[in-house]
Every structure is written in C-alpha cells, then in structure tokens.
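Please work through the following exercises with the sequence and the model at hand. Each task is followed by a worked solution.

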Amino acid sequence: MIRKEDVFKIGQFTKPHGTKGEIGLLTQSDVFDESDDPYIVCEMNGILVPFFIEEYRYKSDAVILVKMEKIDSEIAAREFVNKEVFYPLDAVEEEDDLIGDITWDSFIGYTVSDEQTGILGTISDVDQSTQNVLLILSYQGEELLIPAVEEIIIDANHPEKQLYVRLPEGLLDL
C-alpha cells in the first residue's frame, strides 16, 4: 500500500488530449526523464494508486502529455481531470534531486524549525498568489508568513516532514 508520506506532489492533470487516452500534466518536474520505468501516483476513491507511464511528450515547458497504461480513450482519461499527481520518493536516486521537482504545496504538514528559535509550527497552507511564495503557519497564535527562498530555507528532511530555516532578524516581530 502506498502512503502519503512515500510520495511528493509533482503537478496536476488538466484535460484529455485527443482520443487515445493522453492527458495533460501541468508540472515543472522532470522526474520522467530521470527514470527508466516511470510511474505516477494518483488518489482514486481515497486510495493512492500507481499508474505506469506508457509514453510522454512535452507540449510546452509546463505541460507534459502523458499516456498511461490501460488508459486508452478520452473517456478513461477524463477520470483524471484535475487530479493531483504524485511521484514516489524512493524512485528518485538522491534527495538533492527532489528540490526542483517538489511543488510548494507538498510542504503542507511539514514542521518548521528555525536554527535560533527552534520549532515554529506546522505549515498549514502555501500562498502562491504573487511572485513571492509564502509558507503559512501558526506561531504563538498568530499567522506567520515565511518567504520560500533559498536564503531562508537551509534544509529539508522529507521522510520526517521537517523544514529547517534561518529566519532574518526581526521577522518574528512583524
């Protein structure tokens, strides 16, 4: 059985393409290029289910047209419209390879620790409405917004769902 902590979100399906079962995958990930036998995971009726990729091709920088095994019609592909797409953590050779593939939404539920203050809280949401992505968590009863930038995020432990940060002086006082 596949567990939520064993996968990370790489994108979301859009709409079917053609009549043979292809569907668009909106993603910034290149995990398919790094795997000999790529597969993805989708939640179907509350259960995480693997789907093997028969073939794929890039439509644009952000959209990959995916043909999954046993999905052979537009009707079958419609079952996947707007579904989140996950990729198994164990299929990526090195944890450092994940950084460009994980979406910010994948960090929801991670515990954030600052090197000076210690545990700040758990990420409850991610604000991607502007160019500056913000991680949202509750800290001492107040909403804390942490910019999702390399200068602040110093490490991530994905199996333990921990995010380590070095907050700029004064950020907690805002």
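The exercises below go from the overall fold to charges and then to aromatic pairs.

The model is predicted, with local features needing pLDDT of at least 70 and side-chain atom pairs counting only at pLDDT 80 or more, while totals for chains, interfaces and linings use all residues. Residues are numbered from 1 along each chain as its sequence is written, and side-chain values use heavy atoms, with hydrogens and water left out.

**Exercise 1.** Determine how many helices and strands the chain has, and state their order.

Solution. Apply the assignment rule: helices (H or I, at least four residues) and strands (E, at least two) are DSSP runs, numbered from the N terminus. This gives one helix and twelve strands. Read from the N terminus, the order is β-β-β-β-β-α-β-β-β-β-β-β-β. Along the principal axes, the C-alpha atoms fill a box of roughly 55 × 30 × 30 Å.

**Exercise 2.** State what percentage of the residues is buried, and describe the contacts of the chain.

Solution. Buried means under 20% relative accessible area, exposed over 50%, and partly exposed in between (1.4 Å probe, protein chains only). On this basis, 41% of the 174 residues count as buried. Next, take contacts, meaning heavy atoms within 4.5 Å. Among those between residues at least 6 apart in sequence, 55% join residues at least 24 apart.

**Exercise 3.** Count the positive and negative side chains.

Solution. Lys and Arg count as positive, and Asp and Glu as negative; His and the chain ends are not counted. Each charge is placed at NZ of Lys, CZ of Arg, CG of Asp or CD of Glu. The chain has 13 positive and 37 negative side chains, and the centres of the two sets lie 13 Å apart.

**Exercise 4.** Count the aromatic pairs, then classify F8 with Y87.

Solution. Rings of Phe, Tyr and Trp (its six-membered ring) pair if their centres lie within 6.5 Å; planes under 30 degrees apart count as stacked, over 60 as edge-to-face and the rest as tilted. The count is seven aromatic pairs. For F8 and Y87, the centres are 6.1 Å apart and the planes at 70°, an edge-to-face pair. F8 lies in strand β1 (residues 7-17) and Y87 in strand β6 (residues 84-88), 79 residues apart. Both F8 and Y87 are buried.

**Exercise 5.** Explain why F51 and F80 count as an edge-to-face pair.

Solution. Their ring centres are 5.0 Å apart and their planes stand at 90°, so the pair is edge-to-face. F51 belongs to strand β4 (residues 47-58), and F80 to the loop between α1 (74-78) and β6, 29 residues apart. F51 counts as buried because its relative accessibility is 13%; F80 is buried at 3%. Finally, F13, F51 and F80 form one aromatic cluster.
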